[in-house]
Each structure stands twice: as C-alpha cells, then as structure tokens.
Amino acid sequence: MEGEKAKDNQSFFWIKSDGQRRLATENLVPGNQVYREKLILKNGVEYRLWDPFRSKLAAAIMNGLDDFPFENKSRILYLGASTGTTVSHISDIVGPSGIVFGVEHASRVARDFLDRVASYRKNIIPVLQDARKPSAYFSVFGKVDVVYADIAQPDQTKIAIENCDMFLKKGGFFFLIIKTRSIDVTKSPKKIIQGEIEKLKGKFEMTQLIDLRPYDKDHWMAIAKFKS
Ligand code: SAM
C-alpha cells in the first residue's frame, strides 16, 4: 500500500515509515513542513505524515471514519483554524483547484497561521473573524461542500449551525468536534454528546459519531449531512 490512495475517492495515503503503516497527504508545497512532520519522498512524490495525535481529523480516520468528503477541488469552511495543522492537510487534499476558508479569531494564533501555513498555500483563504458572526466574513463566497468546526466554545454547536445555514450546500457534510469538558464540566461526557447531537435534529441527518481516543481524550467527532 506504499504511497497508494486509500480509496478511489479519498485523497489520503498509507505510507510505510519506520516499519509502520502511517497516514499521509501529498505535500502541496514540496519541501515545506508545517509542524515538523516527517516528509517522505516516494517515486518522485513528496508526502507529509499526518499525525493523529496532532490532528483530530487524522484521529477520526484512524478510528474508522466512513465518509470522507474532502476531495480534489472540494470547498471547505473550517472554523477554528488555529495554527493550521489540520487545515494544511486539508489544503494538500483539496489541491490547487479546491479552497479552504480558515476562520480564526485569536490574533496571535492567526499570525502563526498566516506566516507558517496560509502564506505558502494559495488554496487557503484566512478569515480573521469571529465564527459567531458569519455574516461578517467578507472573503467567503459561494456554498461549501463541508463545514468543519473545532472552536472549543460552550456554544460551538449553535455557532457552527449558523455557519452551515449560511454557507453549507444541501447534502453537504458537517464535521463537529465535541470537546466534552469545554461545554459543561459538571456533566458526564455521554450526556454532553447526546445534548449536542440533539441540537442537530431536524436540519441534519447524523451519519457517524467517533470517539477520538487514544489519540485525543475528551474529544468526539460527530458527522452529519445537511438536509436543508
Ligand atoms: N482545529 C485545529 C487543528 O486541528 O489544528 C485546532 C483548533 S483549537 C482546539 C480551537 C481554535 O478555535 C483556537 O485557535 C481558537 O482561537 C479558535 N476559536 C475559538 N473561538 C472562536 C471563534 N468564536 N471564532 C473563531 N475562532 C475561534
């Protein structure tokens, strides 16, 4: 499976490194590292190892993610870009004809995201705004195929749904990272997850719920399809 696409419609790869089968994406900017990830050259193609301990999307793949709507030419709205670790791999996947709108509101983090990631990758549009105000995103245009939300706020589900209402195409996918401890420290994780999923009813059809352990404790990923 070295350097082979995982499935026809999937754009991540399994690469053998140090005797282990590891997840990777094809580097859109050869020679460029984002978080000191290992670069591997195979048959003239450079791959970047994708660390599931650093990226929750990679952790979800390791734990059996069924639908992978991040493809060549996809349009993605990513809430909570941070310093761009996961965004950089999505940028590799969607390629030069795709686009990743990366929303981040913290100015120091956003500067790192710009300097280390967005400035090297033409398919990333940094949106230095508060995800609570999607109507203020002056640079996001058209509908997107996927909304990915990882903003670790107590009201993140509500914020993310407002972004879906505004930008997600009908039938598009919604990826929601549920950080159980940031919502209510007194509630059990199971109750928190159930409560967040309840909020998706009506507009979304749930497709999968993934526990991200052992890569990330206290985080789950909910995946849903947008109906309206
Ligand atoms: N998704 C990132 C990754 O995998 O590399 C990590 C995201 S980190 C857990 C959460 C990020 O969301 C932080 O960088 C934080 O500044 C950002 N954030 C929190 N609230 C936000 C808001 N209302 N609007 C935009 N960004 C926000």
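Trp14 has its place in strand β2 (residues 13–17), where helices (H or I, at least four residues) and strands (E, at least two) are DSSP runs numbered from the N terminus. This is a predicted model, in which local features need pLDDT of at least 70 and side-chain atom pairs count only at pLDDT 80 or more, while totals for chains, interfaces and linings use all residues. Residues are numbered from 1 along each chain as its sequence is written, and side-chain values use heavy atoms, with hydrogens and water left out.

**Trp14**
- Trp14 is buried, with a relative accessible area of 9%, given that buried means under 20% relative accessible area, exposed over 50% and partly exposed in between (1.4 Å probe, protein chains only).
- Although Trp14 and Leu49 are 35 residues apart along the chain, their C-alpha atoms are separated by 9.1 Å.

**Nonpolar cores**
- The largest nonpolar core has 36 residues, and those with the most contacts inside it are Trp50, Leu57, Leu65, Phe68, Phe70, Phe175 and Met221; such a core is a set of buried Ala, Val, Leu, Ile, Met, Phe, Trp, Tyr and Cys residues joined through side-chain atoms within 4.5 Å.
- Two or more residues of this core come from each of α1 (56–62), β6 (75–79), α2 (85–94), β9 (144–149), β10 (168–179) and β12 (219–226), and the largest share, five residues, is given by α1.
- Because domain 1 (4–51) and domain 2 (57–226) both give residues to this core, it lies between them; the domain bounds come from an automatic or database domain assignment.
- Leaving aside neighbours within four places in sequence, Leu57 is in contact (heavy atoms within 4.5 Å) with Trp50, Leu65, Phe68, Phe70, Thr86, Ile90, Tyr148, Phe175 and Met221.
- Apart from this core lies another, of 30 residues, among them Ile99, Val144, Ile159 and Phe167.

**Helix α6**
- In helix α6 (residues 189–198), the buried residues are Ile192, Ile193, Glu196 and Ile197.
- Seen down the axis of α6, these buried residues fall within an arc of 130°, so they line one face of the helix; the arc is that of the directions from the helix axis to the C-beta atoms.
- Lys190 and Lys191, on the other side of α6, are exposed.

**Ligand surroundings**
- The ligand is surrounded by 16 residues, of which the closest are Tyr78, Thr86, Glu104, Ala131 and Gln153, a residue being counted if one of its heavy atoms lies within 4 Å.
- A polar side-chain atom of Thr86 lies 2.7 Å from an oxygen atom of the ligand, whereas for Gln153 a polar side-chain atom lies 2.7 Å from a nitrogen atom of the ligand.

Conventions:
A polar contact is a pair of N or O atoms within 3.5 Å; within protein, one must be able to donate a hydrogen and the other to accept it, and residues adjacent in sequence count only if both atoms are side-chain atoms.
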